Amino acid sequence: MSDKIILLVEDNEDDEELAVLAFERSRIANAMVVVRDGQEALDYFFGTEANGGKDAKAMPQLVLLDLKLPKVGGLEVLKRLRADPKTRRLPVVVLTSSKEEEDMLTSYDLGANSYVRKPVDFTRFAEAIQQLQMYWLVLNEAPASGGDRP
Amino acid sequence: MRGFAQSIVETVRHPLLVLDGNLRVRKANSAFYRTFKASGAETEGHLVYELGGGQWDIPRLRALLEEVARDGASFKDLEVRHDFPHLGVKVMVLDAHLVVHDDGTPMILLAIEDATEKTQALDSLLNLNRELDDRVRDRTAQLEAANRELEAFAYSVSHDLRAPLRALDGFSDELLRSYADKLDDRGQHYLRRLRSGTQRMGQLIDDMLQLSRLNRVAMKREPVDLTALAEGVAAELHGREPDRTVAFVIESGLSAVGDAGLLGVALENLLGNAWKFTSKKQSATITVGQQSHEGVPAFFVRDDGAGFDMAHISKLFGAFQRLHTQREFPGNGVGLAIVQRVVHRHGGQVWAEGSLGQGATFHFTLPQEESS
């Protein structure tokens with residue numbers, strides 16, 4: 001078991017389970033943490049206000065980010081991640097249903113590393129997940145941390 | 001005044017005054033008396049400014065009349081809006097002209113036209129136009145709002161309808177994969193049918209979105225080499241199914257003004273269709289060219305494939321309309337609807353002819369001039 005963490009930001013239970021299934025099918029096993037809305041994602045990185053940000057969790061190696069999320073949308077989460085030195089260089093892959101050109105362009109403008117549209121065909125979805133995992137967690141040389149050390 | 005001149009004055013249908021050089025009324029015609037409800041006694045011999053309780057004592061008219069008397073000038077179309085005692089508010093249009101009598105005395109002819117109705121008609125026409133403008137603006141705003149709503153709808157269709165489809169397909173796949181030993185052949189067959197159904201629905205949603213996107217994308221107008229586009233599509237089709245024997249005959253020098261991307265999509269669909277509907281033949285020919293149609297140059301794509309019955313022509317370009325079963329020729333019935341949208345956005349026309357088993361020809365025009 002690798003110590004690398006993948007953070008999945010996904011509000012749809014089915015999609016969450018399918019992503020877990022797809023990861024299980026790949027040879028490389030990573031710990032997957034799931035948060036279910038944009039606020040939860042921000043709390044994961046920066047901690048809750050109630051705790052003064054002291055409860056921020058371990059930095060993941062890869063974020064899979066859905067765009068249409070309750071509370072705080074995916075694009076806003078991406079903007080906040082890129083604005084903070086701690087998470088500025090963190091690989092973020094937008095994983096969405098939307099094929100709207102505008103969503104794609106905005107995602108890249110805000111600093112997404114990849115934009116992947118979830119296909120209906122699960123075989124292709126599983127392949128896409130495996131390729132993402134292979135590329136971002138095995139092949140890609142990431143900086144020592146998601147961003148600058150404070 | 002001589003009888004001849006008098007009868008002319010009388011014949012004129014508009015009110016007419018004959019004034020002397022001092023602007024005193026020498027004669028008024030019966031139209032004047034009728035219109036202004038005045039009598040000869042209170043008119044003839046009086047200064048024009050005194051008539052009708054001074055209702056003609058209008059500074060601008062006075063200045064002009066004095067100019068006419070002094071210099072022999074004339075004026076036309078002097079519009080006077082005035083509250084006349086017996087008539088109410090009226091718009092009068094006045095013409096004045098100096099004539100010199102045989103005995104050398106000057107006379108001024110003052111013709112008066114009641115233009116009130118004409119002016120009112122013009123005003124109401126202007127009002128109507130303004131109202132129409134407002135209404136068009138309102139409707140346009142409503143249409144734009146409806147369009148935005150439709151776009152938002154298309155967006156949520158794209159996102160929300162695909163999610164449950166992914167679940168159907170994904171969990172079916174997992175059943176087939178991890179629970180195959182618990183399902184007999186028939187059970188597995190049904191699961192596969194379920195998967196192909198969901199994937200087809202996903203394709204339908206994507207096609208629907210593509211169709212709606214065609215209307216929204218900004219369109220360029222630039223010279224487009226249709227020959228090169230068609231050759232590119234032909235090469236791609238050959239690459240996809242290298243075993244088929246299909247000859248493409250593409251006329252050289254086919255060019256148009258339009259959006260290369262959209263026209264490429266149209267040709268992909270037209271040639272793709274021709275390719276698909278000739279698939280049952282050992283060898284086939286697909287021709288792309290240009291010929292004049294009622295004096296307008298029209299492009300065409302012709303194939304010698306399955307063709308169609310002209311009785312069903314009305315369904316041909318409708319979205320999600322199909323003339324063949326999935327088993328005969330697969331498809332969603334979106335291709336020709338896409339072609340039609342692209343051609344219409346270019347301001348052109350598209351039509352088809354064919355017969356069962358005898359192939360089909362699709363014609364389209366692309367006007368060269370700017371059109372919206």
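**What the labels rest on**

Chain A holds five helices and five strands. Keep in mind that this is a predicted model.

Q: What makes α2(A) and α3(A) roughly parallel to each other?
A: Two packed helices are described by the angle between their axes and the distance between the axes. Here the axes of α2 (residues 38-46) and α3 (residues 74-83) of chain A cross at roughly 15° and come within 9 Å. Angles under 35 degrees count as roughly parallel, so α2(A) and α3(A) get that label.

Q: Which hand does the crossing of α2(A) and α3(A) have?
A: The crossing is right-handed.

Q: Which residues of α2(A) and α3(A) meet?
A: From α2(A) come A:Gly38, A:Ala41, A:Leu42, A:Phe45 and A:Phe46, and from α3(A) come A:Val77, A:Arg80 and A:Leu81. Sorted by class, that contact has six nonpolar, one polar and one charged residues.

Q: What makes phi of A:Lys71 worth a remark?
A: Phi of A:Lys71 is positive, about 65°, although the residue is not a glycine. Most residues other than glycine have a negative phi. A:Lys71 lies in the loop between β3 (62-65) and α3 of chain A.

Q: How do you know whether A:Lys71 is buried or exposed?
A: Look at the relative accessible area, which is 71% for A:Lys71. Exposed means over 50%, so A:Lys71 is exposed.

Q: Where does B:Lys37 lie, on the other chain?
A: B:Lys37 lies in the loop between α2 (30-36) and α3 (51-54) of chain B. Phi of B:Lys37 is near 50°, again a positive value in a residue other than glycine.

Q: Why does B:Lys37 count as exposed?
A: B:Lys37 has 53% relative accessibility. The cut-off for exposed is over 50%, so B:Lys37 counts as exposed.

Q: What makes B:Leu16 count as buried?
A: Buried means under 20% relative accessible area. B:Leu16 has 8%, so the label is buried. B:Leu16 lies in strand β1 (residues 16-20) of chain B.

Q: Which residues are in contact with B:Leu16, leaving aside its neighbours within four places in sequence?
A: They are B:Val9, B:Lys27, B:Ala28, B:Asn29, B:Phe32, B:Leu110 and B:Ala111. Take B:Phe32: B:Leu16 and B:Phe32 are 16 residues apart in sequence, with their C-alpha atoms 6.0 Å apart in space.

Q: How many helices and strands does chain B have?
A: Chain B has 10 helices and 12 strands.

Terms used:
Residues numbered from 1 in each chain as written. Chains lettered and ligands numbered in written order. Predicted model: local features only at pLDDT ≥ 70, side-chain atom pairs only at ≥ 80, totals over all residues. Heavy atoms only, no water. Axes fitted to C-alpha atoms, helices over the stretch in contact; angles between N-to-C directions. Helix = DSSP H or I, 4+ residues; strand = E, 2+ residues; numbered from the N terminus. Parallel < 35°, antiparallel > 145°, perpendicular 65-115°, else oblique. Left-handed = near helix turned anticlockwise from the far one by under 90°. Contact = heavy atoms within 4.5 Å. Nonpolar A, V, L, I, M, F, W, Y, C, P; charged D, E, K, R; others polar. Buried < 20%, exposed > 50% of the residue type's maximum accessible area, 1.4 Å probe, protein only.
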